[in-house]
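Colleague: I have the model open and would like to talk it through with you. Could we take it one question at a time?

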Amino acid sequence: MAKYLAQIIVMGVQVVGRAFARALRQEFAASRAAADARGRAGHRSAAASNLSGLSLQEAQQILNVSKLSPEEVQKVVRAKERLDEELKIQAQEDREKGQMPHT
């Protein structure tokens, strides 16, 4: 009786193991297919994320841009230029304050 019970348990474990291995292979294949579908654009985007330290989603969230469109990006570029100009003005004022003689 114990021998048959042990055989049933071993066969059950083998069946579950084979099913798990098959599911794992299918998942790897699906993952590979999804990566191939993203194509080169995905690789370039990942490389850009590595260079900048930000993912596309993080950048969109920080800039409050919901979709990538030329109008939205242009708005962000103009805002950046305005902030750069303000930083230049502040730096100029700081230099002028530093050059004034103390009385």
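This is a predicted model: local features need pLDDT of at least 70, side-chain atom pairs count only at pLDDT 80 or more; totals for chains, interfaces and linings use all residues.

Colleague: Thanks! Which pattern does the chain follow along the sequence?

Modeller: Helices (H or I, at least four residues) and strands (E, at least two) are DSSP runs, numbered from the N terminus. The chain has three helices and zero strands. Read along the sequence, that gives α-α-α.

Colleague: What share of the 103 residues is buried?

Modeller: Gln60, in helix α2 (residues 56–63), counts as buried because its relative accessibility is 19%. For the chain of 103 residues, the buried share is 4%.

Colleague: Leaving aside neighbours within four places in sequence, which residues is Gln60 in contact with?

Modeller: Contact means heavy atoms within 4.5 Å. With those sequence neighbours set aside, the partners of Gln60 are Val65, Ser66, Lys67 and Leu68.

Colleague: Is Arg78 buried or partly exposed, and how far apart are the closest N and O atoms in its salt bridge with Glu81?

Modeller: A salt bridge is a side-chain nitrogen of Lys or Arg within 4 Å of a carboxyl oxygen of Asp or Glu. Arg78 has a relative accessible area of 46%, so Arg78 is partly exposed. Glu81 and Arg78 both lie in helix α3, three residues apart, about one turn of the helix. Their closest N and O atoms are separated by 2.5 Å.

Colleague: Last one: how much accessible area do Leu56, Leu68, Val73 and Val77 have together?

Modeller: Patches are made of residues with over 30% relative accessible area and no salt bridge, like charges being joined within 9 Å and nonpolar side chains (Val, Leu, Ile, Met, Phe, Trp, Tyr) within 5 Å. Accessible areas come from the Shrake-Rupley method with a 1.4 Å probe; for residues, only the protein chains shown count as cover. Val73, in helix α3 (residues 70–99), counts as partly exposed because its relative accessibility is 39%. Together the four form a nonpolar surface patch with an accessible area of about 320 Å².

Conventions: Residues are numbered from 1 along each chain as its sequence is written. Side-chain values use heavy atoms; hydrogens and water are left out. Buried means under 20% relative accessible area, exposed over 50%, partly exposed in between (1.4 Å probe, protein chains only).
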